[in-house]
Amino acid sequence: MKTDVIKLDTKKAGSIDLDDAIFGLEPRADILHRVVRWQRARAQAGTHKVKTRSETSYSTKKIYRQKGTGGARHGDRNAPIFKKGGVYKGPTPRSHAHDLPKKFRKLGLRHALSAKATAGELIVLEAAELKEGKTKELAAAMKKLGWKQALVIDGAEVNEGFAQAARNIEGLDVLPSMGANVYDILKRDTLVLTKAGVEALEARLK
């Protein structure tokens, strides 16, 4: 699969062959869904907490005698039946993460890359480099290229000037190749890979 390579100034810089086993698959929504669910579950804080009857601030004194009142038997006001009492079997802090095989995670990343290529939302950039790291310069280039919501994936390391310029631009994310993931790829309208990023991803996913 051959695609054009461009520069930040929109000029062409030749072409590149993309591996069909990574960029030429027919995207499957069920695979993408499972991987995104796995990612979001791992990111969930799981800090939700309610107070049980042993943690609420009422007295533990029996509220009235056991027999002879004509009412139901009760212990103290901390019981779940009373207003502001403890909660029975409520949520407690826990991890929401679940397992997903490494092979399946790699497959999900291949399908995410293929989905962008199939939709025509994949751009290959010669290099994501800026000497001075000026946000104004990068914002102007983005406008010229027509990027509104974009994810840029570079090689093993991200150019410091480019990362600095991208920091203040809303809708633009920059990641090294090892940080590439299904959720971030699908979240943005445009996926931008540098030539170094393509090589690193192909080496990682083969």
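At what angle do the axes of helix H2 and helix H3 cross? The model is predicted, so I note that local features need pLDDT of at least 70 and side-chain atom pairs count only at pLDDT 80 or more, while totals for chains, interfaces and linings use all residues. Residues are numbered from 1 along each chain as its sequence is written, and side-chain values use heavy atoms, with hydrogens and water left out.

**Entry: H2 and H3**

I found that the axes of H2 (residues 29–43) and H3 (residues 102–118) cross at roughly 120 degrees and come within 9 Å. Axes are lines fitted to C-alpha atoms, for helices over the stretch in contact, with angles from 0 to 180 degrees between N-to-C directions. Helices (H or I, at least four residues) and strands (E, at least two) are DSSP runs numbered from the N terminus. From H2, Ile31, Leu32, Arg34, Val35 and Trp38 meet Phe104, Arg105, Leu107, Gly108, His111 and Ala112 of H3; contact means heavy atoms within 4.5 Å. I sorted these residues into seven nonpolar, two polar and two charged.

**Entry: H3 and H7**

Next I looked up H3 and H7, whose axes come within 10 Å and cross at roughly 145 degrees. H3 brings Lys106, Leu109, Arg110 and Leu113 to this contact, and H7 brings Leu201, Arg204 and Leu205. The classes here are four nonpolar, no polar and three charged. Ala, Val, Leu, Ile, Met, Phe, Trp, Tyr, Cys and Pro count as nonpolar, Asp, Glu, Lys and Arg as charged, and the others, Gly among them, as polar.

**Entry: the sheet**

I listed six strands in an open sheet of mixed pairing, in the order E2-E1-E3-E6-E4-E5. E2 (12–17) and E5 (172–175) are at the edges, each with a single partner strand, so one side of each has no neighbour in the sheet. From one strand to the next the twist averages 30 degrees. E4 (residues 150–153) pairs with E5 in the parallel sense over four bridges; a pair needs at least two bridges found by DSSP. I saw valine 152 opposite valine 174 in E5.

**Entry: lining of the pocket**

Which element gives the largest share of the lining of the largest pocket? I found H3, with four residues. H2, H3 and helix H7 (195–205) are the elements that give two or more residues to this lining. By class, the lining has six nonpolar, two polar and four charged residues.
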